[in-house]
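Please take me through this model stop by stop, saying what to select next and what is there.

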Amino acid sequence: MLLYFGSFNPVHRGHIALAEYAMEHDLADETALVISPQSPYKTGAQPAPETDRFEMAEIACAASKYPERIKPSVAEFLLPRPSYTIDTLRYLEELCGREMEFSILMGGDQIAALDGWKEYEKILEYPIYVYPRRGEQVERYLDRITVLEEAPLQDFSSTEVRAAIERGEDTSRMLAPEVAAYIRRKGLWSPARRIAALGAALAAEPENTALLLERGRLHYRLNEWGPALNDFNAVLRVDPGHKEAQESVGMIQEILTFRYKDIYNP
């Protein structure tokens, strides 16, 4: 079994394309997307609830070319946290016995930082398949890993997917429609949540033009003209020459004038 570890926050087309590639090239009989509830190597905002991430992975796997061979795993949900890869490997070996052989699929950025992982030398004893990131070369442990030079490249990350969702952008090239529908239904990473987060940040930094501009753009995409106008005007109070804010104010004023012209011309 090929173990593909990750937070999958959310799972996207790039993840599934790699799992499908592994099946098509007979790297293993099955691929398991091992959902990590808490990675010790990632910092920043908390990921979406693990149950949501598992359900999205389950949906994406079911919609893949090989739904019987690509499935999510809850193995790390059952272990102490944070989750360490070597502990998961030992747990699975104890659970499955010698009849199951495990290999690992990971990105070039992960293998580059592997020496910071718990008992990384033990991890290198397993077969490891590494997919390069676009524009990057895999340079470490080349005598102990297999580099998948022909694997499909991931042109976006889960971080970029979340940002696109929060900006209200089209994510059809990034997400399976079933996963996108789940995200909308559960309200994960919605523009409204991002607006609320920006509001909290602006309470501490009310003159931060980058935050004001981002919130103004979100309001604009949601056709919330009044709040958008307020944010762009707030940018101009701090930076009167800000070109984007000036242009945005002008566009909103044109929209409002056209929309409500009958009020002024009875």
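The tour below goes from the sheet to one helix, then to a cavity, a loop residue and a pocket.

This is a predicted model, in which local features need pLDDT of at least 70 and side-chain atom pairs count only at pLDDT 80 or more, while totals for chains, interfaces and linings use all residues. Residues are numbered from 1 along each chain as its sequence is written, and side-chain values use heavy atoms, with hydrogens and water left out.

Six of them form an open sheet in the order 3-2-1-4-5-6, with parallel pairing. At the edges stand strand 3 and strand 6 (146–147), each with a single partner strand, so one side of each has no neighbour in the sheet. Strands here are DSSP E runs of at least two residues, helices are H or I runs of at least four, and both are numbered from the N terminus. Two strands pair if DSSP finds at least two bridges between them.

Strand 2 and strand 3 run parallel and are joined by four bridges; Leu33 stands opposite Pro72 in strand 3.

Now move to strand 5 (residues 128–131). Strand 4 pairs with strand 5 in the parallel sense over four bridges, and Met106 stands opposite Val130 in strand 5. Strand 5 also pairs with strand 6, again in the parallel sense, over two bridges, and Tyr129 stands opposite Thr146 in strand 6. In a regular strand the side chains alternate between the two faces of the sheet. Both faces of strand 5 are covered: Ile128 and Val130 on one side, and Tyr129 and Tyr131 on the other, are all buried. Buried means under 20% relative accessible area, exposed over 50%, and partly exposed in between (1.4 Å probe, protein chains only).

**Helix 2.** Select residues 50–62. Helix 2 has 13 residues and reaches 18 Å from its first C-alpha to its last, close to the 18 Å expected at 1.5 Å a residue; the expected span is 1.5 Å times one less than the number of residues. Its buried residues are Asp52, Arg53, Phe54, Met56, Ala57, Ala60 and Cys61. Their cover includes helix 1 (13–24), strand 2 (31–35), strand 3 (70–73) and helix 7.

**The cavity.** Select Phe5, Thr85, Ile104, Leu105, Met106, Gln110 and Trp117, which line the largest cavity. Its volume is about 30 Å³. On a 1 Å grid over the protein atoms alone, a cavity is a set of points where a 1.4 Å probe fits but cannot get out; a pocket is an open set with protein on both sides within 12 Å along at least five of seven lines; lining residues have an atom within 4 Å of a point. Grid points are joined across faces, edges and corners, and a volume is the space filled by probe spheres set on the points. Strand 4 (residues 103–107) gives the most to this lining, with three residues.

Which residues does Thr85 touch? Not counting residues up to four places away in sequence, Thr85 touches Phe5, Trp117 and Ile123, contact being heavy atoms within 4.5 Å. Thr85 lies in helix 3 (residues 85–96) and is buried, at 10% relative accessible area.

**Glu149.** Select the loop between strand 6 and helix 6 (158–166), where Glu149 lies. Glu149 counts as exposed, at 56% relative accessibility.

**The second largest pocket.** Finish with Ile165, Glu169, Thr171, Ala180 and Arg184, the closest to the centre of this pocket among its 16 lining residues. The pocket volume is about 240 Å³. Helix 7 (residues 177–186) supplies the largest share of the lining, four residues.
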